[in-house]
Amino acid sequence: MRRFHEIFAIAAVRKGGAAELEQMLAKTTPRPPAEIAKIPDDRILSEMTRRIFYAGFSSKVIDDKWEAFEAGFDRFDPHACAFMTEERFDTLMTDRGIVRNGAKIRAVQVNARFVLDLKTEHGGAARFLADWPDSDYVGLLDVLKKRASHLGGDAAGRFLRAIGKPAFIASPDMVAALIREGVLERPPGGKRDLAAIQAVFNRWSRESGRDLTAISRVLAMSIDGGGYRAAARRRG
C-alpha cells in the first residue's frame, strides 16, 4: 500500500499536474465545524431531502423542481414536516410540482422527527453532525442509516458533503483505488470493510493533513478508468 503522497502524485499526473489537482480539490473544501454547527435545522432537513430525491432521478430534474419542494414541505420546517397530517401527505402525492414518491415523502417526516430528536439531545442537528469526529465517520454513517430514513450508502455521504462535513463516498473509482492499494478485495459489503476504509483514511489523513473528502477524491482521480473490476483484474 502506497503512502498518500505517492497516490497524490499518480492523480496529479492524470489531471495535468499538482496545481491543477489542487484547484479541483478546492471546489469541495469542507466547512469548519463551527460553521457547520450554525446551519439551521430546516436547512439540514432540506439537504437530507434533496439527496434522498436525487437517488434514482436526474439531479437536474430535482433541482428544477426544488422551489416547489420547498413550498410543498413548508420550507422544511421540522415541526411541520414531523407532524404532517394524512391530508397533507395526500396533497403532496397529487402535487405535480414535486416528485410524487410516497416512500420518500414519508422519509421526510421520519427525518424531521430525527432532526427534532437531535435538537433535544444535542442542541441541534447541525451541532451533532459538526461535533462527530471524522476519525469515526463510519460510525456517523451507521447512526444515519439506523435513525434516519433513506440515508444509507452514498446518499448519507453526499448529504454530509453538501453541508460541508468531510466525507468519503464509495464511488467505483475510489473503490478501484482501494482494491489497487490492497485495502479491499472487492466493493465494500459490510462493517468490516468500512472499518478497513476508515483505518486507512485515518492513516492517510495523519500523513497528509488532508480531510476525508480530499482523500476520497484523490483516490478516485488516481484511477485510469474501468472501475473496481478493472482494478481487480490488474491486481490479480
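A: Ser-149 lies in the loop between helix H11 (137-147) and helix H12 (154-162), where helices are DSSP runs of H or I of at least four residues, strands are E runs of at least two, and both are numbered from the N terminus. The model is a predicted one, in which local features need pLDDT of at least 70 and side-chain atom pairs count only at pLDDT 80 or more, while totals for chains, interfaces and linings use all residues. Residues are numbered from 1 along each chain as its sequence is written, and side-chain values use heavy atoms, with hydrogens and water left out.

With a relative accessible area of 15%, Ser-149 is buried (buried means under 20% relative accessible area, exposed over 50%, and partly exposed in between, with a 1.4 Å probe and protein chains only). Apart from its neighbours within four places in sequence, Ser-149 is in contact with Ile-52, Ala-107, Val-110 and Asn-111, contact being heavy atoms within 4.5 Å. The side chain of Ser-149 also makes a polar contact of 3.1 Å with the side chain of His-150; such a contact is a pair of N or O atoms within 3.5 Å, where within protein one must be able to donate a hydrogen and the other to accept it, and residues adjacent in sequence count only if both atoms are side-chain atoms.

His-150, found in the loop between H11 and H12, is partly exposed at 39% relative accessibility. Its backbone deserves a mention: His-150 has a positive phi of about 60 degrees although it is not a glycine. Most residues other than glycine have a negative phi. Asp-74, in the loop between helix H6 (66-72) and helix H7 (78-82), likewise has a positive phi, near 55 degrees, and Asp-74 is partly exposed at 38% relative accessibility.

The largest pocket has a volume of about 460 Å³; a pocket is an open set of points on a 1 Å grid over the protein atoms alone, with protein on both sides within 12 Å along at least five of seven lines, and its lining residues have an atom within 4 Å of a point. Grid points are joined across faces, edges and corners, and a volume is the space filled by probe spheres set on the points. Of the 19 residues that line this pocket, the closest to its centre are Val-138, Leu-141, Lys-145, Gly-153 and Leu-194. H11, H12 and helix H14 (191-208) are the elements that give two or more residues to the lining, and H11 provides the largest share, 6 residues.

Helix H14 in turn holds Phe-201 and Trp-204, which are 3 residues apart and so separated by about one helical turn. Their rings form a tilted aromatic pair, 6.3 Å centre to centre with 55 degrees between the planes (rings of Phe, Tyr and Trp, the last by its six-membered ring, pair if their centres lie within 6.5 Å, and planes under 30 degrees apart count as stacked, over 60 as edge-to-face and the rest as tilted). Phe-201 is buried at 0% relative accessibility, and Trp-204 is buried at 0% as well. Ring pairs link Phe-201 and Trp-204 with Phe-4, Tyr-137 and Phe-168 into a cluster.

Key
1 Å grid on protein atoms, 1.4 Å probe; cavity = no way out; pocket = protein on both sides within 12 Å on 5 of 7 lines; lining within 4 Å.
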